[in-house]
Amino acid sequence: MARRVAIIGTGHSKFGVRNDVNIAELAYESIRQAIDEAGIEPSEIDFAFVSNVGGWSSEPLPAVVALEYAGLTGVGTMRVEAACSSGSAAIKAGYDAIKSGEADVVLVLGVEKMNESPTPTVVEFIGRAGNYFWEFQNFGLTFPGYYALYATAYMAKYGATEEDLCRVAVKNHYYASLNPKAQFPRKITVEHCMQSRYIAWPLKLFDCSPITDGSAAVILASEEVAKKVTDSPVWIKAIGTASGTSNLSRRTDFTHLEAARKAAAMAYKKAGIDPENPVKYIDVAEVHDCFTIAEIMAYEDLGFAKPGEGYKLIREEQTYIGGLIPVNLSGGLKAKGHPLGATGISMAVDLSRQLLGRVEKGRQAPIKNGVALAHNIGGTGHYAYVTIYSLDKPREA
Amino acid sequence: MSTQREQADMFFKQLEEFTKTMKQSVGIPLVMDQKTGVAMWYDQRELKLKFLISIEKTRKFFEALSEGKVLATKCKKTGKIYFPPQVDCPDAPDSEVEWVELPKEGELLTYTIINTKPYSFGHYPDYTVGIARLANGVQILAWVRETDPKKLRVGMKVRLEVVKREPEGYLTYELVPVEE
């Protein structure tokens with residue numbers, strides 16, 4: 001029989017250039033917090049899913065390295081990879097394990113140590129994340145480059161401007177300035193952003209998420225366990241998933257991410273959310289703003305705005321607190337930082353704390369429905385995960 | 001001005017030299033973070049990554065480049081054209097594919113100019129990557145021979161050409177803007 005799944009503990013490290021810790025020490029910052037918060041014994045953990053992309057960091061088996069350091073050797077584990085959405089993939093794996101009855105308590109850890117390699121090497125690794133042989137080998141795309149292809153097509157079709165893209169960065173830096181865990185806790189202006197150098201035309205430095213070290217963890221539990229240890233569980237209400245072609249040349253257009261649309265439709269259907277008007281149900285969202293254009297496309301792919309009108313939402317400041325729907329109150333990937341494997345779990349941590357009214361003043365969304373949404377994309381719409389979190393127990397498991 | 005590759009190589013060279021003196025003085029390859037002063041170990045092992053990738057089944061594609069042709073595969077049963085070429089048609093698993101030449105004429109769907117480059121592309125000046133839709137509807141991603149954003153626009157006509165990529169000296173293809 002399918003069972004309900006709750007988040008009973010959360011942990012989050014400071015994001016940034018973390019040359020002060022190795023990968024295991026960085027992971028433990030979040031593991032320790034999550035176990036403490038959950039109020040469980042480490043021995044109660046049935047399985048540990050570890051999200052990590054790697055390549056740029058020295059340990060090829062981060063799952064066992066992190067578990068050994070944390071005194072958790074012995075528990076079953078695996079590394080989970082879905083590019084930048086590895087964290088949400090690991091949460092899905094943990095969710096499925098509990099839902100099916102295979103496990104009662106699961107640790108989901110995300111950790112990434114990107115600054116062990118110099119920037120050109122990191123740029124190379126992420127640039128290869130698409131179709132290596134046909135699109136990287138000869139043409140040297142970069143991650144900003146992939147999204148720039150979308151930005152060019154989007155701006156040409158709908159008339160959005162580089163200033164509109166910068167407005168996303170301004171919002172996310174503003175909220176990061178209120179988040180002590182953020183890599184860049186400082187405000188910027190549209191002018192700052194417009195004056196920054198091009199990384200992949202038309203995307204500039206301030207349109208791009210940084211190279212980040214960081215970790216995040218959640219403890220997931222069955223309803224039975226959750227009931228015993230906490231009176232404030234956050235439930236995983238629904239998960240929608242999809243994938244996109246590895247070759248960008250095989251996409252039908254470059255103004256939206258089809259995989260994100262599919263994942264959203266699946267999540268909305270499972271959660272009983274009207275896809276025509278999802279903002280009526282959702283209090284707060286974290287969306288995958290690896291680049292500013294990605295946040296604008298996310299508004300549309302999630303149904304917060306009609307196709308071609310996403311840039312108007314940010315122009316009218318509708319995604320600030322008090323607007324139509326507050327988005328990326330953590331600072332987003334853009335300014336909180338984007339340690340690939342930790343990102344999806346960081347979204348889960350921040351949204352859980354949002355729903356429980358626990359985040360810093362100034363970036364706390366008003367919680368009316370008790371529903372939050374995480375939109376986590378791997379690669380350039382290669383993988384998509386949309387996860388709905390709620391305070392109310394899902395009606396069906 | 002040095003290339004991004006030269007700058008990256010310089011970074012490693014400086015690390016090597018610095019850690020050499022550290023190994024002599026304190027016995028380990030110690031590096032201090034320039035901003036925070038925290039201690040780091042400079043890796044004493046180096047891994048070279050260069051792959052051997054099978055092209056046996058799509059060999060025709062690579063052979064045709066020397067004749068100036070860019071090929072795709074077409075499923076005999078469904079008529080679907082595959083680019084990049086693949087030799088199986090999952091929609092009709094019992095069918096075979098045949099090789100067809102891609103038309104040269106196309107239209108640019110989108111583009112970007114890569115300023116910050118991957119390490120292995122760090123020796124090139126800035127380059128433009130675009131996706132074009134060819135006359136038969138097939139889409140192809142390649143470099144576009146124009147790096148001035150003012151001279152590029154979505155919808156512009158481009159021509160698919162086989163070119164030799166230098167300094168490596170191997171055949172590949174490129175999109176060339178057509179004067180209108």
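**Entry 1: chain A overall**

I looked up the radius of gyration of chain A, taken over C-alpha atoms, and found 19 Å, which agrees with the value near 21 Å that a compact globule of 397 residues would have; the globule rule is 2.2 Å times the number of residues to the power 0.38. I note that this is a predicted model, in which local features need pLDDT of at least 70 and side-chain atom pairs count only at pLDDT 80 or more, while totals for chains, interfaces and linings use all residues. Residues are numbered from 1 along each chain as its sequence is written, chains are lettered from A in the order in which they are written, and side-chain values use heavy atoms, with hydrogens and water left out.

Along its principal axes, the C-alpha trace of chain A spans about 55 × 45 × 40 Å. I found 14 helices and 11 strands in chain A, where helices (H or I, at least four residues) and strands (E, at least two) are DSSP runs numbered from the N terminus. Of the 397 residues of chain A, 64% are buried, meaning under 20% relative accessible area with a 1.4 Å probe and protein chains only.

**Entry 2: two helices of chain A**

I then turned to helix 1 (residues 23–38) and helix 2 (residues 62–69) of chain A, whose axes come within 9 Å and cross at roughly 65 degrees; the axes are lines fitted to C-alpha atoms over the stretch in contact, and angles run from 0 to 180 degrees between N-to-C directions. On the side of helix 1 of chain A, the residues that meet helix 2 include Ile23(A), Tyr28(A) and Ile31(A), and among their partners are Val65(A) and Tyr69(A), contact being heavy atoms within 4.5 Å. The residues of this contact divide into 9 nonpolar, no polar and 1 charged; Ala, Val, Leu, Ile, Met, Phe, Trp, Tyr, Cys and Pro count as nonpolar, Asp, Glu, Lys and Arg as charged, and the others, Gly among them, as polar.

**Entry 3: chain B**

For chain B I found 2 helices and 10 strands. The radius of gyration of chain B is 23 Å, well over the 16 Å that the globule rule gives for 180 residues, so chain B is more spread out than a compact globule. Buried residues make up 38% of the 180 residues in chain B.

**Entry 4: Pro84(B)**

Lastly, I looked up Pro84(B), which is found in the loop between strand 4 (81–82) and strand 5 (97–101) of chain B. Pro84(B) counts as buried because its relative accessibility is 7%. Not counting residues up to four places away in sequence, Pro84(B) touches Trp134(A), Asn247(A), Ser249(A) and Arg250(A).

Terms used
Buried means under 20% relative accessible area, exposed over 50%, partly exposed in between (1.4 Å probe, protein chains only).
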